[in-house]
Amino acid sequence: MKKISIIGAKGFVGSAMQTHFKNAGFEVLPLDRAYTKKSITEMAEILEGTDIVINLAGAPIIKRWSEFYKKVLYESRIDTTQKLISAMKLLDKKPEVFCSTSAIGIYESNEPMSESSFTYADNFLAHICKDWEAAALEADELTRVVIFRFGVILGKDGGALSKMLPPFKLGIAGPIGDGSDAFSWIHMNDLLAAFSFAIDNTKTKGAYNLTAPNPITNKILTKTIGKILHRPTVLPLPKFVLKFIFSEGAMVLTEGQYVIPQRLLDEGFDFQYPTIDEALQEIL
């Protein structure tokens, strides 16, 4: 039985991942934020015997970004990744694969992007992603490294969708602004399957976009949710309201990217939920 250590195992994705890999027959070691506060030696001792390391660590991104919280966002990703790799260097038996994470916020907004696109944005979120990926690639001399750039993750009982649904159910929802901003997303089941795919396929290496192959606009997302829930979607949410609530952090909600998972498609990964209608029908 292979052993998987998941750092950041208590979040929306981490909780689902624990169940997924336990059901697949793995021994799962869930590690929370307290693990990342330990010394590098202690972290290494806990990782002993691990075959696969999955790094999901990072403070929640959808919050108001004060200067202090921006530091928290950065350190919880880059500093934690650097410590984790330092710990792996101390292991007698190195892991077979190190799966780390990033985000599609690395890309410029509103034009189609695949992994061969290097038109990266010039903002705080993109700088986090670039430094985060560079930190993860330091493990390349130790093991096979896979980096997944997450789109918006849609699933049951948590994540972005749980925050969106209350106004829809009350019939007071609508698109953000004029609804034209891009929305690249991934069903939780496809996200979990992609991690299994990466672990099983030894040629899988480097950065991968983890989004469904059919990105949409915010307006299409809004209309699809409204159709499934049989609720009106006529009240747009002005962008300035989100900027008032989240400060600079509003960009996560107001500046989308059209992202294509070209490398996964080229390597034969089969999406169970390739369209937003299929994904939301299953979830809702």
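Author: Let's start with K156, which counts as partly exposed because its relative accessibility is 46%. The labels work like this: buried means under 20% relative accessible area, exposed over 50%, and partly exposed in between, with a 1.4 Å probe and protein chains only. The side chain of K156 meets that of E282 in a salt bridge, 3.3 Å from N to O. A salt bridge here is a side-chain nitrogen of Lys or Arg within 4 Å of a carboxyl oxygen of Asp or Glu. The pair links distant parts of the chain: K156 is in the loop between β7 (152-154) and α6 (159-169), while E282 is in helix α12 (residues 276-283), 126 residues apart. Those element names come from DSSP runs, numbered from the N terminus: helices are H or I with at least four residues, strands are E with at least two. E282 is also partly exposed, because its relative accessibility is 28%.

A quick note on the ground rules. This is a predicted model, so local features need pLDDT of at least 70 and side-chain atom pairs count only at pLDDT 80 or more, while totals for chains, interfaces and linings use all residues. Residues are numbered from 1 along each chain as its sequence is written, and side-chain values use heavy atoms, leaving out hydrogens and water.

Why do such pairs turn up? Side chains of opposite charge can pair when their charged atoms come close. By the salt-bridge rule, the count here comes to eleven.

Another of them joins D51 and K93, whose closest N and O atoms are 3.1 Å apart. D51 lies in the loop between α3 (40-47) and β3 (52-55), and K93 in the loop between α4 (67-89) and β4 (97-103), so this pair ties together parts that are 42 residues apart in sequence. D51 counts as buried, because its relative accessibility is 11%. K93, on the other hand, is partly exposed at 45%.

Then there's D32 with K10, where the closest N and O atoms are 3.5 Å apart. D32 sits in the loop between β2 (27-31) and α2 (33-36), K10 in the loop between β1 (3-7) and α1 (12-23), and the two are 22 residues apart. What about their accessibility? D32 is partly exposed at 28%, whereas K10 is exposed at 66%.
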